[in-house]
Amino acid sequence: MTASYLSLTYDGTQLCHLETVVPHLQKYGLRGTFYAEPAMLLENLPDWQEVQAQGHEIGNGCLLASALPDGSLPAFTPAMISEDAEDSDFLLDDLFPDQETASFGMPWGEDRCAGNLSYLPYLAKLFNVIRSGERGINPLTEVSLQSLKCLPMEDLESQQMIELVKLASHQNCWAVLAFDGVGSGDRSVDAYAHEDLCAFLAEQAQEIMTRPVIEIADHLMTVSRPSIRLI
């Protein structure tokens with residue numbers, strides 16, 4: 001019986017995700033969420049359409065490329081963020097017509113924009129499921145689908161990632177792992193370390209349900225858990 005939930009998320013629809021991550025997930029029978037940065041997505045669109053056809057989620061990550069390292073968007077007003085998010089959502093609808101809905105992936109860190117305002121409430125008016133940039137796990141006793149916490153995997157080795165997953169799995173929670181580069185790129189983890197993690201998750205399939213963000217959100221809402229809430 002599944003004791004906990006886990007989602008693998010990858011930011012920016014990068015080339016290393018196509019070349020390294022997708023083969024790892026396919027090899028171990030796992031499916032993940034890829035938060036799309038529109039320009040990067042369009043560079044390899046046929047490949048990403050095939051990824052989505054294989055059961056992976058292509059989420060909205062339109063803010064990822066514009067954020068500062070701390071996650072903030074000081075040059076963006078709430079209206080600009082909302083417009084960008086809506087435009088990107090329409091784009092994903094056009095490019096992935098078989099995908100009924102998708103989650104939104106925020107940059108890691110502070111959700112602050114012009115005027116030092118939090119932009120999460122504005123995104124919450126548009127999206128029912130949001131991976132925030134706040135670090136942490138999501139206890140099943142109280143899960144807010146519009147502000148899901150994540151565990152950035154930046155620079156971690158395989159055993160460190162596996163130990164984090166083990167700790168989370170004993171806490172009756174939903175852990176959302178957040179990756180940037182894998183094997184290359186910014187804030188990357190080693191490709192072999194990523195494969196080790198995938199192998200571990202495949203071995204633990206009976207105890208840890210590893211699924212895309214939107215799929216676990218739909219599952220939790222379907223089983224009518226009273227702890228599920230929107231902002």
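Which residues are exposed on the other side of α3? In this predicted model, helix α3 spans residues 45-53, and its buried residues are Leu-45, Trp-48, Val-51 and Gln-52. These four cover an arc of only 115° around the helix axis, which means that they lie on the same side of α3. An α-helix has 3.6 residues a turn, so residues three or four places apart point the same way. On the other side of α3, the exposed residues are Pro-46 and Ala-53. The cover over the buried residues of α3 includes helices α1 (15-27), α2 (38-43) and α4 (78-95), together with strands β2 (33-36) and β3 (57-60). Just after α3, Gly-55 adopts a positive phi of about 105°.

One of the elements that cover the buried residues of α3 is α1. The axes of α1 and α3 come within 11 Å and cross at roughly 20°. The two helices are therefore roughly parallel to each other, and their crossing is left-handed. From α1, the residues that take part in the meeting are His-17, Leu-18 and Val-22, and from α3 they are Asp-47, Trp-48 and Val-51. Trp-48 and Val-51 also belong to the buried residues of α3.

The loop between β1 and α1 contains Gly-12 and Gln-14. Gly-12 counts as buried, at 9% relative accessibility. Leaving aside neighbours within four places in sequence, Gly-12 is in contact with His-17, Tyr-35, Glu-37, Met-40 and Leu-64. Gly-12 and Gly-61 are 49 residues apart in sequence, but their C-alpha atoms are 6.6 Å apart in space. Gln-14 has a relative accessible area of 14% and is therefore buried, the cut-off for this class being under 20%. Residues up to four places away in sequence not being counted, Gln-14 touches Met-40, Trp-48, Asp-180 and Gly-181.

In soluble globular proteins, nonpolar side chains tend to be buried together. The largest nonpolar core of the model has 37 residues, and those with the most contacts inside it are Leu-8, Phe-34, Leu-41, Ile-58, Leu-177, Phe-179 and Leu-197. At least two residues of this core come from each of the strands β1 (4-11), β2 and β11 (173-179) and from each of the helices α1, α3, α4, α6 (158-169) and α7 (191-203). Helix α7 gives the most, with five residues. For Leu-41, the contacts beyond four places in sequence are Thr-13, Ala-36, Trp-48, Ile-58, Leu-92, Leu-95 and Phe-96. A second, separate core has 19 residues, including Trp-108, Val-129, Leu-140 and Ile-214.

Helices α6 and α7 also pack against one another. Two packed helices are described by the angle between their axes and the distance between the axes. For α6 and α7, the axes come within 8 Å and cross at roughly 30°, and the crossing is right-handed. Ser-158, Met-161, Ile-162, Val-165 and Lys-166 in α6 meet a set in α7 made up of Ala-193, His-194, Asp-196, Leu-197, Phe-200 and Leu-201. Val-165, in helix α6, is buried, with a relative accessible area of 2%. Val-165 touches Leu-6, Leu-177, Leu-197, Phe-200, Leu-201 and Ile-208, residues up to four places away in sequence not being counted. Between Val-165 and Phe-200 there are 35 places in sequence, and the C-alpha to C-alpha distance is 9.6 Å.

Helix α4 contains Ser-88 and Asp-89. Ser-88 counts as buried at 7% relative accessibility, whereas Asp-89 counts as partly exposed at 24%. Residues up to four places away in sequence being left out, Ser-88 touches Pro-38, Asn-60 and Cys-62, and Asp-89 touches Asn-60 and Phe-127. Asp-89 and Pro-139 are 50 residues apart in sequence and 28 Å apart in space, C-alpha to C-alpha.

Notes. Residues numbered from 1 in each chain as written. Predicted model: local features only at pLDDT ≥ 70, side-chain atom pairs only at ≥ 80, totals over all residues. Heavy atoms only, no water. Buried < 20%, exposed > 50% of the residue type's maximum accessible area, 1.4 Å probe, protein only. Arc of directions from axis to C-beta. Contact = heavy atoms within 4.5 Å. Core = buried A, V, L, I, M, F, W, Y, C linked by side-chain atoms within 4.5 Å. Axes fitted to C-alpha atoms, helices over the stretch in contact; angles between N-to-C directions. Parallel < 35°, antiparallel > 145°, perpendicular 65-115°, else oblique. Left-handed = near helix turned anticlockwise from the far one by under 90°.
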